[in-house]
Amino acid sequence: MKKRRFFPCLLFLLAVILLMPASIQAASAPGTVKLSSISAPAYNKINVKWKKTSSATHYIVYYKKEGTKKWTKIKTLDNSKSSYTHTSSKKYPIVVGQKYTYTVKAYNKKTKKSGSYNKKGLTAYTKPAMVKNIKAAYKDGIVTLTWDKAAGADKYLVYRKDNGKWKMLALKNSLSYEDAAYKKGEVNTYMVRGYYSGKKTKGSYDKDGVSVKVPADAAKPTEKPEPTEKPVIPTPTATPSPKPTKAPDPTETPKPTEKPATPTPTATPKPVTPKPTKAPEPTEKPVTPTPTATPTEKPAAPTPTATPIPTATPTPSPEPEMSVEEMASEVIRLTNIERVKAGRSPLQYHAGLQRAAMVRAEEITRKFSHIRPDGTDSSTALYENGVACDGGENIAAGQKTPEAVVRAWMNSSGHKATMMQQSITHIGVGVCKSPITGQWLWVQDFSSNPDLKGTVNFNANGGLFISNNSNLVSIVEPVGRDMDISTIETPVKEGYTFNGWTYHESIITKFRVQKRVLEIIATWTPISES
């Protein structure tokens, strides 16, 4: 009797199970979370959003550094949430400029099952905050910029607008900057953006910048200390020894070579100023990596989580991380600040001078002297790079920053005199790190008219130059350049032997390019006489 009742009950239970919805039958796992978006609203915050899925009682948020495999669980949220803002903390840090990838997994507390997840995730990185309260003011020949500290930045990039484009002027540790190379009689516009050197990450910036009007007759500084001695052209007497912490004694200007008197120039070409470099725009975009590992930590029931503590703003490193070009640019800026303070005109950057100074900086890592390793004086580096009118040279070794080396030169009367010459108009700065000692070496090269060229005509005097089938060869070289006569092609003349070149009826072996056209004439000896 009991057996007969058992079978109908069993059949009824089986029918109930078969008619039960599939989701209930399987005590189903949550669905896959679909990620919607990711953003970085602040230097220490990243926000991730997703769409809700079925059968989820909670959502678990994971993150990892780009390029790593292991996911780290950072937050468990109830199923009413569909976004989470991760704030940097000691346990779960966010480093400015570092890329992080996020994913979200659904979890059912009752069934203790997790859903699938987006293995690629979404990637983002933070940037320094925008610099606020930038102010620009003109006074006593200097434009001074000041600004407030920006969260997430340990340095600041300073720009000035030039021909509609931002030109970077300096990388600063401080909250101020002085500019003496502004444009007179114009509105000068500046911009400052935060920079985190740990990841070389630039912050956002105000595209309009801040402007200040500089008068056409820009006032001279109120303080005009005159140099204690007038610039002179000393003759080098000894090779200076490199000193790591002190600027060497000056031997700025090479000994002049005795040549024919400098004639009056026929024309003076205008020096060409290089086109300003466009300030770099942020181009980096987060790249979505493909995770190679699955979050393995078993999800637990959610527990209240304390509010994360934001990471403090990075402490600036003691030595600025500037490129060689940026350090050279800063030396020029600081030099012009000192010149303006002394009532001098700012010097202009010149590409040829810059190339020459960079050559010299490398050379003084091998031989710390105004005499080059090949035995010629420093001015030859200028002429080889197409620069005329050498105005002297300063060298130094051991200083770690542009501020330190300019201060060292200013504290040396000879170096200061070279920097403060009234006649010089252009500058080039070389910077090089010694591969042996690791110390920085610095060079300033000056010129009074770097693009001035002179012409020299070589008259074959009845003879013929084979190269051009003519009796005349002309060369155009930087004014002031000393040249060996042996570099000139020797002409030929039938029935004669070439006897040499003459200038003002005197045989010469060298000559100096001058402002006016020089005429150098060949002399011949009849073969019968010879």
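Mentor: Buried means under 20% relative accessible area, exposed over 50%, and partly exposed in between, with a 1.4 Å probe and protein chains only. Helices (H or I, at least four residues) and strands (E, at least two) are DSSP runs, numbered from the N terminus. The model is predicted, so local features need pLDDT of at least 70 and side-chain atom pairs count only at pLDDT 80 or more, while totals for chains, interfaces and linings use all residues. Residues are numbered from 1 along each chain as its sequence is written, and side-chain values use heavy atoms, with hydrogens and water left out.

Helix α4 covers residues 351–363.

The buried residues of α4 are Gly352, Leu353, Gln354, Ala356, Ala357, Arg360, Ala361 and Glu363. These buried residues pack (contact means heavy atoms within 4.5 Å) against the helices α3 (324–341) and α5 (379–384), and against β17 (348–349), β18 (390–397), β19 (426–433) and β20 (440–447).

Those strands also belong together: an open sheet of four strands runs in the order β17-β19-β20-β18, with mixed pairing. Its edge strands are β17 and β18, each of which pairs on one side only. Two strands pair if DSSP finds at least two bridges between them; β18 and β20 have six, in the antiparallel sense. Within β20, Trp442 is the bridge partner of Ala396.

How values were computed
Expected span 1.5 Å × (residues − 1).
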